[in-house]
Amino acid sequence: QNVGQAGAFDPSTSATPTSSDDTAPKTLPLRRFVHAALSILKALVFLHQSHVMHRDLKCANILMINDPTEPFETRIVLADFGLSKKLCSQKNFTHSSLGSTRWMAPETLSGSPSSYSSDIWSFGMTLVELLTGKLPYHGTLVLDVPKMVGEKKLPKIDWRHTGSDWDPIKNMIVDCLNFEPDLRPSAHTLLQRLTDLYPYII
């Protein structure tokens with residue numbers, strides 16, 4: 001089962017939000033959200049240290065496995081490496097524009113060189129997806145997404161429904177969705193940052 005199907009990591013709940021506000025965070029508890037984000041980041045750190053770009057990071061490619069030894073008895077696994085690409089240490093970028101449009105970084109959509117920071121953009125969009133229970137740019141035709149990204153328009157999230165303990169998550173998403181690839185934090189930096197902020201979830 002993937003996290004998109006399971007909603008708030010509870011197989012008994014529907015992934016379809018009941019609220020009419022599509023931009024508001026749904027029922028995913030903060031602790032479970034952070035657990036998922038940490039698991040994804042650990043996988044990204046491993047991939048990037050191995051000089052591999054995932055290139056198709058999204059909820060549909062993140063699996064939940066029952067594991068009593070893990071927090072919430074759930075192990076989060078990054079899957080589907082069909083579009084992954086091994087980069088050489090001398091040239092840490094690729095010119096190929098592959099991926100899922102709603103999660104693709106601006107540089108990938110425009111055909112410019114993309115690198116590990118492009119995965120970080122996709123990670124940010126995946127966090128948006130986890131928060132809202134909706135695909136990034138929900139309500140927009142997929143063919144129109146590149147135009148919105150080109151105009152530097154991001155998916156909207158209504159943070160009024162969250163407490164101050166979500167502020168670090170908000171800031172992290174903003175940093176991941178920076179339109180300048182060189183200004184996005186690395187997976188390692190994000191992992192350390194999240195670990196320091198929420199040590200009680202490790």
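**Around helix H7 and its cover**

In this predicted model, the cover over the buried residues of H7 includes H2, helix H4 (116-132) and helix H6 (167-176). Which residues of H7 are buried? In this helix, residues 187-197, they are Ala-187, Leu-190, Leu-191 and Leu-194. They lie on the same side of H7, because they cover an arc of only 100° around the axis. The spacing has a simple basis. An α-helix has 3.6 residues a turn, so residues three or four places apart point the same way.

Take Leu-194 next. Beyond residues up to four places away in sequence, Leu-194 touches Val-34, Ala-37, Leu-38, Leu-41, Ile-169 and Met-172.

Now turn to Leu-44. This residue is found in helix H2 (residues 30-49). Leu-44 has a relative accessible area of 0%, so it is buried. What does Leu-44 contact, leaving aside its neighbours within four places in sequence? The partners are Leu-57, Asp-119, Ile-120, Phe-123 and Ala-187. Ala-187 is one of the buried residues of H7. Ile-120 is 76 residues from Leu-44 along the chain, yet their C-alpha atoms are separated by 8.7 Å.

Step back to the nonpolar cores. The largest has 46 residues. Within it, Phe-33, Phe-123, Ile-169, Ile-173 and Leu-194 touch the most other members. At least two residues of this core come from each of H2, strand S2 (62-66), strand S3 (74-78), H4, helix H5 (145-150), H6 and H7. H2 gives the largest share, 11 residues.

How values were computed
Residues are numbered from 1 along each chain as its sequence is written. This is a predicted model: local features need pLDDT of at least 70, side-chain atom pairs count only at pLDDT 80 or more; totals for chains, interfaces and linings use all residues. Side-chain values use heavy atoms; hydrogens and water are left out. Helices (H or I, at least four residues) and strands (E, at least two) are DSSP runs, numbered from the N terminus. Buried means under 20% relative accessible area, exposed over 50%, partly exposed in between (1.4 Å probe, protein chains only). Contact means heavy atoms within 4.5 Å. The arc is that of the directions from the helix axis to the C-beta atoms. A nonpolar core is a set of buried Ala, Val, Leu, Ile, Met, Phe, Trp, Tyr and Cys residues joined through side-chain atoms within 4.5 Å.
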